[in-house]
Amino acid sequence: ESLDKAERAVLWIGQGTRNAAAEVTAVSEKFSLPVLSTAPAAGIMSARHPNYMGCRGRLGTKPAFETSQMADLIIFVGTNYPFARFLPKNIKLIQINNDVADLGKQYDANITILADAKSFLAALLEKGKEKQETAFLKASCLNKQNWDKWLDKLADDDSDGLLAESVIKGIGATAADDAVFALDVGNNTEWAIRQLPLNGKQKMTMSSWYGTMGYGLPAGLAAKLSFPERQVWAVSGDGGYAMVMQDLLTEVKYKIPVINVVLENKSLGFIQHEKIVAGQALYGIDLLGAEWAAIAENMGAIGLRAA
């Protein structure tokens with residue numbers, strides 16, 4: 001009934017939908033719903049699906065933010081999204097979770113349902129009435145298309161040298177269809193979450209709750225041990241990589257082939273942005289930098305430098 005009455009409904013998924021990718025996509029298409037995900041749930045629904053808006057917030061996209069701001073109904077499935085408390089207060093919210101303690105915890109939901117995400121979505125598909133494509137979905141999809149074009153324009157602009165957007169676009173174009181991505185903490189997380197073509201078959205891991213710098217390289221090592229037949233990428237900033245680069249010796253010693261990408265800006269860039277927004281002095285965030293490719297070669301790995 002809520003779906004029938006809503007003019008600007010949104011489906012918002014979390015980690016609890018990890019085994020329900022097909023149901024998420026089917027619900028989005030049947031009920032004309034733009035889809036947002038939490039950052040850790042990026043890639044459950046293919047990032048290339050036109051109905052997928054991305055994530056909201058610092059790691060998110062412009063269309064995801066604007067779509068969620070304009071919503072009159074949000075259906076949270078399989079997430080206890082911690083920033084729900086910052087959503088506009090005039091939105092009707094339905095929350096589905098398999099942990100009763102999470103229901104209504106972050107936002108005073110209008111309807112709460114204790115259920116497994118996959119079984120709930122399957123039941124909704126069976127019982128709900130199909131909805132024609134709404135003007136809201138059309139506008140959201142156009143917004144996402146424009147956003148993607150803007151990112152492509154950034155990636156193709158080499159007037160100031162090689163940009164991070166260019167690197168992430170190149171990774172996306174080169175990565176195998178079932179690649180695994182290990183993302184470090186920092187600006188590199190933003191770029192990767194926004195641009196990697198997470199297609200539903202690929203896997204992604206990040207330090208979701210603790211924001212642990214230096215996560216990327218060891219996570220890539222663990223990913224390759226867990227999925228030895230898959231291509232593995234570890235994407236790090238120079239700050240996070242410098243904290244753990246000695247682990248490259250372990251990859252070399254045990255012949256663990258991981259593609260480690262280091263994005264260098266000689267700064268703790270994520271913190272720099274926070275300081276700029278807060279009007280604080282840019283103190284203690286500059287980095288010396290190093291010849292990361294040469295260090296990799298000295299450790300016995302293959303080192304390549306792009307500029």
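Two strands pair if DSSP finds at least two bridges between them. Strands (E, at least two residues) and helices (H or I, at least four residues) are DSSP runs, numbered from the N terminus. The model is predicted, so local features need pLDDT of at least 70 and side-chain atom pairs count only at pLDDT 80 or more, while totals for chains, interfaces and linings use all residues. Residues are numbered from 1 along each chain as its sequence is written, and side-chain values use heavy atoms, with hydrogens and water left out.

**Exercise 1.** Determine how strand 7 and strand 9 pair.

*Solution.* Step 1: locate strand 7 at residues 180–183 and strand 9 at residues 232–237. Step 2: count the bridges; there are 4, in the parallel sense. Step 3: take L183, whose bridge partner in strand 9 is V235.

**Exercise 2.** Explain why strand 5 is largely enclosed by the rest of the structure.

*Solution.* Step 1: 5 of the 6 residues of strand 5 (residues 92–97) are buried, so the strand is largely enclosed; buried means under 20% relative accessible area with a 1.4 Å probe, protein chains only. Step 2: strand 5 runs parallel to strand 4 (residues 73–77), joined by 5 bridges, and V77 stands opposite I96. Step 3: 4 bridges join strand 5 to strand 6 (residues 111–114), also in parallel, where I113 is the bridge partner of I96.

Definitions and conventions
Buried means under 20% relative accessible area, exposed over 50%, partly exposed in between (1.4 Å probe, protein chains only).
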